[in-house]
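Student: I'd like to learn how to read a structure like this one. Can we start with the spaces inside?

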Amino acid sequence: MSESKIHFFPSEPLVALLGNPNCGKTALFNLLTGSRQKVANYSGVTVERKEGRLTLSSGKNLRILDLPGAYSLYPRSLDERVTCNVLLGRAEGEKRPDLVLCILSAMNLRRNLRLVLAAKRLGLPCVVVLNMLDIAKRHGLAIDTEALSKELGLPVLTSIGIHSDGADAIKKYFDRLDWRHLNTMHVGAGDATLESVALHITHSETDNVQVQRILHNLGLDQIIPDRLSDRLDLVLLHPVFGPMILAALLFLIFQAVFSWATLPMELIKSSVEYLGGVLIEVLPNNWFRSLLINGILAGLGGVIIFLPQILILFFFILLLEESGYLPRAAYLLDRVMGSVGLSGRSFIPLLSSFACAIPGIMATRSISNARDRLVTILIAPMMTCSARLPVYALLISAFIPERKLWSGIDLQGLVLFLLYLAGIFGAMAVAWILKRFTSEQFKFNALMMELPSYHLPRLGNLAISLWQRAEIFLRRVGGIILVMTVSLWVLSSFPLPPEGATGSPIQYSVAGSLGQGLAHIFAPIGFNWQISIALVPGMAAREVVVSSLATVYALSSSSADAADALIPLISSGWSLATALSLLAWFVFAPQCLSTIAAVKRETGGWKIPIIMLSYLFALAYLASFITYHVALFFGLG
Amino acid sequence: MNLDEVVLGDLYRVSGVHSPKGAPQIKGQLEDIGFLPGEQVAVLRKGLLGKGPYMVRVGASTFALRQSEARMISVESLTHV
């Protein structure tokens, strides 16, 4: 049965911002809308949709849509397809824009103008905005906007995306515009269909000729070298110094992520515990209190605690992105990534995955090659995310002696570093194996990445983007993660233990029986039944394993020092071989339902998450098996 | 001459783009980002030992291209004409 959908749209006019990547479009969008932005996804696809509001001096409201950057109006990547569909009025749940603001970088008219010519053919009212005029002026580039307007047959405004009043000309223009009769602005023969390949080729050739003619007529056909960027690249992209600087930068970022986040994480932890304490006092001891404290509070608190680390990491990633360095980091790493069949573009998602795999998996959207994107999603969970740290910290402090090795290197720190390396090498190995199994036609993974000029990052833009990241993360915590933690609580709490039972309640629950069944499977890799049970609720998130172990060993899980109390128990109860095996397990095991949910959403089905689950569990079992038996061989049993 | 054979830093002019067999979409992609006949192009930098990604300036923008991508772009010399 087919049904037709009728969409109701707000009555305010919709203005779409169209432009090449790196033309300063988003900075301009921030100037126009300030903090009045909504970030969501386009219907049915995982492309970020940013809409904002602008109130004119007349009191009239406009909706402003920041379209994904596009090099042409022939869709090649997911982003460009969305841009085209919106402009053609074919995007589901999306109104066709009333007006297109075509943003040009004054520094790169040549390429940007081709997009304007393509936009003109859409048959939508179109206004050209000449952005980055300040930089152009500094380079001695004088652009005659009136002449440009005459050549294009379109109104031309100017803007400076990095000044707080840089968008005033646009606002003034909107104030004067007769929004009821926009269609009088129509230019050219409107054609609301997607160009065929052949037509696109003809257009791109004729457009190119026309652009060169316009530039020639305006006396702008010389190329202005960007001396500052070139000079910086001389050092930052140097074949020897470049990678060294990158390594130093990454090291500093990791230092910051772990040291700066300590205080806010402690704060979140203690406020969650305080809240739990209050609830214990005021509520009667029944299942509802247990659900609130052990289910919702413990589950959500366990995820929100990583927000500081995620925000700090994203702060640096956004800083590097805004400054123009991030694509250069990808450039420097393209060789290494290429050797395992990926491209430098996979670097950014993988870097984010060190904080948390979920934002990492979301960041794969920028990879245009579908195969590369899939492989990156599949290996992202192997990057050591911060949720593994509580588990690593517990096991390392219980089993690895605090000993200084040569030149002051600490043995515990070294083990932690090795665990990070194990994840990275595991990911590389999997990517390399997948490369062997890729058929020739998909092997062609393009790099083709723009290296924009360096810019000083603007704190305002950083703050807006950072807030949006936090919002996306928190919304996810409130949605799917909440549902999952509650279901796992149900599994670990019911059925209730019989009267007069001696063991801990979790032993008698569904999770407990599951864990006892799993103990047979896990025996060959050295896990006892306590570990096996703790792994079941640990599916919600890795760090939950620590509190589950505490529950299984009949400690109070809400006590602040569950880990401290656990250390003597497990260090006397487990063999070193078991501990090492569990560490190896956590390097690979996909013990994180939220990651799986994110993969399902990003790939649009269950196929990839199921593949990921099975191969990572297989890998974890294999790694643990080898570790356990090697350890036994060396008499560590 | 193709873009992977040029002298580092010298200016050339794009004369055409040829897709390899099995990946016809690459030509359009290269054209969209600016590798169109007549455009000025220069290879600014290569990776270690002349391999690895190339840093290519075309028009006023800079791109990172792999050697395989650079090979698809045929160019003619501007400096020696």
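Tutor: The largest cavity is lined by 21 residues, and C356(A), I358(A), C385(A), A387(A) and C592(A) lie nearest its centre. On a 1 Å grid over the protein atoms alone, a cavity is a set of points where a 1.4 Å probe fits but cannot get out, and lining residues have an atom within 4 Å of a point. Bear in mind that this is a predicted model: local features need pLDDT of at least 70, side-chain atom pairs count only at pLDDT 80 or more, and totals for chains, interfaces and linings use all residues. Residues are numbered from 1 along each chain as its sequence is written, chains are lettered from A and ligands numbered from 1 in the order written, and side-chain values use heavy atoms, leaving out hydrogens and water.

Student: What kinds of residues form the lining of the largest cavity?

Tutor: They divide into 15 nonpolar, 3 polar and 3 charged. Here Ala, Val, Leu, Ile, Met, Phe, Trp, Tyr, Cys and Pro count as nonpolar, Asp, Glu, Lys and Arg as charged, and the others, Gly among them, as polar.

Student: How much area do chain B and chain A bury between them?

Tutor: The size of an interface is often given as the accessible area lost when the parts come together. Chain B and chain A bury about 3,200 Å² (1.4 Å probe, summed over both), with 55% of it on carbon and sulfur atoms. D32(B), R45(B) and R66(B) supply 22% of the area chain B buries against chain A, more than any other three residues.

Student: How many salt bridges cross that interface?

Tutor: The rule (a side-chain nitrogen of Lys or Arg within 4 Å of a carboxyl oxygen of Asp or Glu) finds 4. One salt bridge joins D230(A) and R57(B), with the closest N and O atoms 2.9 Å apart.

Notes
On a 1 Å grid over the protein atoms alone, a cavity is a set of points where a 1.4 Å probe fits but cannot get out, and a pocket is an open set with protein on both sides within 12 Å along at least five of seven lines; lining residues have an atom within 4 Å of a point. Buried area is the accessible area (1.4 Å probe) that two parts lose on being put together, summed over both.
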